[in-house]
Amino acid sequence: MKQKTFNFILILVGASALIPGILELLFTLTGKTFTWGEIAFQGEFMFWRGVVLLASGVFYLTAVYHTSRTEKRAQAVLASLMIWIVGGMEILSVILSSIPGDGGRWFNSTQGFFSSYTGPFIPAIFLLPISLVLVLLIFGEERKNEG
Amino acid sequence: MKLEPEERWRLIDRVARETVQYGAEKTTIKSTLAELTVKPFTGIPFAIAILYGFWAFFNAFAGFFTDGFFVPLFDDLWLPWIQEAFPLEGSWFYYILVGDPAATNSFEAFGILTSGLFVAVGVVLPAIVAFYLVITVLEDSGYMPRLAVLVDTVLHKIGLHGFAVVPMILSLGCNVPGVASTRTLETKKQRFMMMILLSIFIPCGAQLGVMLSLIPEYFGYIMLYLLAGFFVFGWILNKVVPGSSPEIMTDVPPFRIPTISNVSRKLWVKVKGFFTNAIPFVLLGVGLVNILYLVGAIDWLSNILGPVFTGWFGIPKETVAPLIAGFLRKDLAVAQLSAIEMSGFQLITSVVIISIYFPCIATFSMIIKEGRNSGGVLKVLGGSLLTLVTVVFLWGGLLHLIGMILGVT
């Protein structure tokens, strides 16, 4: 992958992580919640989610300035790992909370189970696919260079 | 087999020849990634992400089992059944084993077979499993030494070094292995300091689980105050306790993917320890407090200690009973506290007092045992008690003062 293309992707993903990170921090500090379409700025530990997203955004963006090819890519992988931790834990939480039922029922009804997955979701969930593609590209390129 | 030094070195050379590969190191993304996790700019935010993941997993996993299944199991099935089926209602025997016959949930019943079982199995067990699962994965992945390197500078300010983070993290599961692991620290001073700080300021996994389950809205404040206490009293102890705090060098292993067999084996050993060590103490704690209630000892102690509790700490005198239970199990004590009527700030203060007033009996026994390697049992015991009394009055009183200044007491 050309360096310019890679830098462009880093800036795109970096901004996509940085902006919601800042918003999550701002909403925590002002004590407000906000939903925009399927993206929700609410829930437990929002401050810490904001910190992690903000930091991962900064990592993607500062990676652009690394002259070392490996360090640039490693920093992008680190930022992606941080997004996966936040997004992954949210997915786990949604899955686990969709199983038990309420009102005297041990397990959730089929309708209740599926409605748990209708959103809205925290911003990190939406960053999962793009960060995953980025990491796959990075390791794919490393394998190609080794081969 | 005993080897002479010469033979030992020859054996080491032979093992090294057969196992070590020499050559130029190639910088890969994986090795650079490993380096980034120990550099403060990238390492600290990554550590925050790991800790976030830790607590989010803890919450989701423990919440799934406790709120999803154990609460309905104990409240809707077990409690009504045992209240109905157990004979001798109104007798002291019924009171100790089943508790309040009119209680509608397992927390309020407060019998050995109701609240005792519910706290031990329904609340604490899922929290312990979640905690040890994450800790084992972090240990096996090679992340723990990286965390030690990251916090080294901070811990040096209080006379400890980065590897002191291992007993700290272990104590977040249970203070007993935490205290036992202080033997890996270099000097008697460091071991003594760490044992005291752990047993006072680091709440165990069971207590964390109960706090997250019953008072999640105050959890952050309580942890922040305890962590501040850890560093303030660590700094004081470092100035007061004689001895040295040497530098250390450590080897940071590469990242590895933990294997399911290793993780499950370690997890089983740790959870088995919980079943044999902790559950009997929880049941015993409930029984003891019930007996003390029956003979009037709790009321007597509440009246005697009442002025100190209300005047110095700003908490109701009814918190005496949880404090007594806290000597056996802190998680049980926090569960009891949540049933007492008081303001949010009083609840925060009470939980802080429960955490710092005295280690649980299992930790206390371990401090005595480990004290032999840390300057002598009497010295450690005397120093511990002196520190405990000072901490509980100063740190507990300071919290009351903060509340008064903020106008929230």
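Where is the place of L88(B)? In this predicted model, for which local features need pLDDT of at least 70, side-chain atom pairs count only at pLDDT 80 or more, and totals for chains, interfaces and linings use all residues, L88(B) is placed in the loop between α3 and α4 (92–97) of chain B. Residues are numbered from 1 along each chain as its sequence is written, chains are lettered from A and ligands numbered from 1 in the order in which they are written, and side-chain values use heavy atoms, with hydrogens and water left out.

The phi of L88(B) is near 60 degrees, a positive value in a residue other than glycine. In chain A, the peptide bond from G119(A) to P120(A) is cis, with omega near 0 degrees, and P120(A) lies in the loop between α4 (110–115) and α5 (123–146). Most residues other than glycine have a negative phi, and most peptide bonds are trans. Helices here are DSSP runs (H or I, at least four residues), numbered from the N terminus.

In chain A, helix α1 (residues 3–30) and helix α2 (residues 46–63) cross at roughly 155 degrees, their axes coming within 7 Å; axes are lines fitted to C-alpha atoms over the stretch in contact, and angles run from 0 to 180 degrees between N-to-C directions. The angle makes α1(A) roughly antiparallel to α2(A), the term for angles over 145 degrees, whereas under 35 counts as roughly parallel, 65 to 115 as roughly perpendicular and the rest as oblique. The crossing is left-handed, meaning that the near helix is turned anticlockwise from the far one by less than a right angle, and clockwise if right-handed. The contact of α1(A) with α2(A) comprises 19 nonpolar, 6 polar and 2 charged residues, where Ala, Val, Leu, Ile, Met, Phe, Trp, Tyr, Cys and Pro count as nonpolar, Asp, Glu, Lys and Arg as charged, and the others, Gly among them, as polar.

In chain B, helix α12 (residues 216–240) packs with helix α17 (residues 344–357) at an angle of about 45 degrees, with axes 10 Å apart, which makes α12(B) oblique to α17(B). Their crossing is right-handed. Contacts (heavy atoms within 4.5 Å) involve residues including Y218(B), Y221(B) and Y225(B) in α12(B), and L347(B), V351(B) and S355(B) in α17(B); by class, this contact has 10 nonpolar, 2 polar and no charged residues.

Note on methods:
Helix = DSSP H or I, 4+ residues; strand = E, 2+ residues; numbered from the N terminus.
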